[in-house]
Amino acid sequence: MTGRRIMAGEDVRRATIRISHEIVEKQAGTEGLVLIGIQRRGVPLAHRIAEAILENEGVEVPVGALDITFYRDDLSLVAQQPIVKGTAIGFDLNGRTVVLVDDVLYTGRTIRAAMDALIDFGRPQAIRLAVLVDRGHRELPIRADHVGKNVPTSREEIVKVLLEETDGEDAVEIERSVAVRASGGTVA
Amino acid sequence: MTAEADRPEAASSGPVPWHHRHLLDVDILTAADIDLVMRTTDEMREILARPIPKVPALRGTSVTILFYEASTRTRVSFEVAAKNLSADVVNIAAASSSVSKGESLVDTVRTVEALGADMLVMRHPASGAPYLAAEVFGGSVLNGGDGWHAHPSQALLDLYTLRSRLAGGSLVGRKVVILGDALHSRVARSNIWTLTAMGADLWICGPSTLLRGFEGWAARGAAGRPFTVTSDIDAALRDADVVMALRIQKERMASGLLPSLREYAARYGLTRERLRAAKPDVVVMHPGPMNEGVEIAADVAVDPRSVITAQVTNGVAVRMALLYLLAGTKSGEAGA
């Protein structure tokens, strides 16, 4: 089933470029800046932002990947252990400004887990958050610094981000949930 | 509610989820299960390389380590693995517990459960003892070695070490030699299963008194594939990709199965001289503890071709993976 398309490929591209400008502006340059994408779709998004920064500033910003599975607050509740997709942070985080990148900001629990994980790698000077879509319904006191698009949703809806690298095309869709929420198994 | 339940990708194809509640032997594992253990071990190695090698995945899970036999590396390895995942660990050495007052295995397991254990890692001198424990224990039982029968975490860490060492990461068609006392070895029995399942050309070599019963098994095959049993060490080592030496237990002399340690060392000890027959990049393994100068020469143990230290390090990562995967399967779901 395909849902209602709220962002086309071109919208995703523009939002990513705007976020890259905002990140550099907020940091007043690229000094000490690193990007860390949250598995799975945050990782290609982080690489795209890094490419845009390279194009505009001529600077290569380090990019890492973070899997938050081991830090989830619901591990003891899920039926089966989620399959881990891989963490790769090949640089020191001490004193850096870390921009976490994810596709959708929803309850905020993934970001809470990601921040706990980052602290185990070192003591960043600051942690910021960039997301392609903020759909509301936060359950924790967390907000994004850079947002591609704010999308008012109901809890019954599902926001699907599609990316060329993982899904073959760029788009954001909303669909009505029937069973996903109840099954509790389709979390990542 | 669960975190970020709006992500569809977990439902898509990819590795199959884990569904075993206990790990008593490797013979229950499918190729997909083994692959999942290997992938998860990769993630655990990444954690071990971090400045703080600890994640909260098993916070609130209580792991009891109940060992009825002496052990250093396996027991400590499980303990470190559980602590790296933030589990609470209780260690029971049977010699200093109520077992010495005559408490039965079943009573001990019930007591451990009543004291709050969610997972039980167990070593026992009697083959099959963990199966009995799994019948009465409400959580997950992980076999840390039972009699001559099975040592699943050792076989999986050996497999992981080999896959990361062999070019292409594949065992298909590789000549792997298990050398020594296979008869009394749970390490050999579990390795025979995983190595043949992964497509290795497996050879078991040792004095005929220590290979009794293996010929029939070799012909029938393990994991659907036959293997070779021989007492001819030169034939076994010729062009070998991997040689795994097994520990010779001194008590075997008393039972008349071996004339003397010196004679064993002369005929079957793994020396540099003998290794010349193997491939130049042969991988040398030993599950430990070693009797240097008996089944393996001291210089071979520290040779660049030896992965004995890597086996110990990988042991922690594999056991983290197993504890993590088993902790997800609750009582009442798919068993065994």
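Me: Which residue stands opposite A:V101 in strand 5 of chain A?

Reply: A:A130 stands opposite A:V101, and A:L129 of strand 5 stands opposite A:L100. Strands (E, at least two residues) and helices (H or I, at least four) are DSSP runs, numbered from the N terminus. This is a predicted model, in which local features need pLDDT of at least 70 and side-chain atom pairs count only at pLDDT 80 or more, while totals for chains, interfaces and linings use all residues. Residues are numbered from 1 along each chain as its sequence is written, with chains lettered from A and ligands numbered from 1 in the order in which they are written.

Me: What makes strand 4 and strand 5 of chain A a pair?

Reply: Two strands pair if DSSP finds at least two bridges between them. Eight bridges join strand 4 (residues 97–105) to strand 5 (residues 126–134) of chain A, so these strands pair. Strand 2 and strand 4 of chain A are joined by five bridges, so they pair too; there, A:V98 is the bridge partner of A:V34.

Me: Why are strand 3 and strand 6 of chain A called edge strands?

Reply: Five strands of chain A form an open sheet in the order 3-2-4-5-6, with parallel pairing. Strand 3 (63–66) and strand 6 (146–150) each pair on one side only. The twist averages 25° from one strand to the next, an angle between N-to-C directions on a scale from 0 to 180 degrees, with axes fitted to C-alpha atoms (for helices, over the stretch in contact).

Me: What makes the unit of strand 4, helix 3 and strand 5 of chain A right-handed?

Reply: With the strands pointing away from the viewer, the path from the first strand over the helix to the second runs clockwise in a right-handed crossover. Strand 4, helix 3 and strand 5 of chain A make such a β-α-β unit.

Me: Why do the buried residues of helix 4 of chain B line one face?

Reply: In helix 4 (residues 129–136) of chain B, B:A129, B:P130, B:A133 and B:A134 are buried. Seen down the helix axis, they fall within an arc of 140°, so they line one face; the arc is that of the directions from the axis to the C-beta atoms.

Notes
A residue is buried if 20 or more other C-beta atoms lie within 10 Å of its own, exposed if 12 or fewer, and partly exposed in between; C-beta atoms are placed from the backbone.
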